[in-house]
Amino acid sequence: TCAKCTNSNGAYHLHWPRQDPSIIVLVTNPSSSHALLARSPRHPFYLYTALAGFVEAGETMEAAVTREVHEEAGVRVDGTSIDYVASQSWPFPRSCMIGFHAKSHLEGHHNGLSPIHIDPNELMDAQWFEKEVVYQAARSTDEFGAVMERQVVEEQLSKMKKDGGNEWTGKLLVPPKGVLARTLMDRWLES
C-alpha cells in the first residue's frame, strides 16, 4: 500500500507504511482432540485464544510459530505439521497476522497432551481444551457478541438472569467471528 502525501509546500511524496508480520497459531495435540488456548493479561478472565507473536527479523513464519509457542507455553510444535490457514490485517500496531494450524510434538506427552509451562510475562494461563468444550464456548460467544469487552458480557449475563433465561455457567469464551483466531478455531471444529 502506498499513500500520496503532500507537504506544506504542496509537493507530493510517496509513503509506504511499515507493516510488521506476526503469526497466530492454533496448536492441537497430535490426535486433534484438544486445542491449546491461552489467556493474555489484557483479556477478560474467561477469554482464551490462539497463541500469537511477532516475527523476528530474518525469521521464517514457521520458525516464529515454533518459537512463540515454546516461549509462551513451553510446548514443542511438530515442525512438519505447520499449515498456513489465512491472514488478516491488524492495523494496530501496523501488523499483518498470518494464521497457522500446528500440532504439538509427540515427545513428552502425558495422556496425549504436552505439559504446559507458561511465561508469566506473556500469559496469565494456558490450557488444553477438549474439542466439545471449545465448540460450546464458540456457541456461547456467538450468543454474547462482543466478548472482548467484559462490560458487554456482564450486561448479557444480567439480562439473561432478569429474563429468566439460562445463565451462562461456562468459564470459557473465545474470540468472535471475523477475528483470525476464531477462523482458526472454526476450521479445527469443522474438521
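Where does serine 81 lie in relation to α1 (61-73) and β6 (83-90)? Serine 81 is found in the loop between these two elements. The legends below describe close-up views of a predicted model.

Figure 1. Apart from neighbours within four places in sequence, the residues in contact with serine 81 are His101, Ala102 and Lys103.

**Figure 2. Helix α1 and the elements that cover its buried residues.** Helix α1 comprises 13 residues, which at 1.5 Å a residue should span 18 Å; the end C-alpha atoms are 18 Å apart, in agreement with that value. The buried residues of α1 are Ala64, Val65, Arg67, Glu68, Val69, Glu72 and Ala73. Their cover includes the strands β3 (20-28), β4 (34-39), β5 (51-54) and β7 (95-103). After α1 comes glycine 74, with a positive phi near 70°.

**Figure 3. The salt bridge between glutamate 71 and arginine 67.** Side chains of opposite charge can pair when their charged atoms come close. In the pair formed by glutamate 71 and arginine 67, the closest N and O atoms are 3.2 Å apart. These two residues are four residues apart in helix α1, so about one helical turn separates them. Glutamate 71 is partly exposed, at 42% relative accessibility, whereas arginine 67 is buried, at 15%. Both residues belong to a network of salt bridges that links Glu56, Glu59, Arg67, Glu68 and Glu71.

**Figure 4. Arginine 182 and its salt bridges with aspartate 142 and aspartate 186.** The closest N and O atoms of aspartate 142 and arginine 182 are 2.9 Å apart. This pair links distant parts of the chain, with aspartate 142 in helix α2 (residues 131-144) and arginine 182 in helix α4 (residues 180-190), 40 residues apart. Aspartate 142 has a relative accessible area of 42% and is partly exposed; arginine 182, with 2%, is buried. The side chain of arginine 182 also meets that of aspartate 186 in a salt bridge, at 2.8 Å from N to O. Because aspartate 186 and arginine 182 are four residues apart in helix α4, they are separated by about one helical turn. Both members of this pair, aspartate 186 and arginine 182, are buried. The model has a count of seven salt bridges.

Key:
Residues numbered from 1 in each chain as written. Predicted model: local features only at pLDDT ≥ 70, side-chain atom pairs only at ≥ 80, totals over all residues. Heavy atoms only, no water. Contact = heavy atoms within 4.5 Å. Expected span 1.5 Å × (residues − 1). Buried < 20%, exposed > 50% of the residue type's maximum accessible area, 1.4 Å probe, protein only. Salt bridge = Lys/Arg side-chain N within 4 Å of Asp/Glu carboxyl O.
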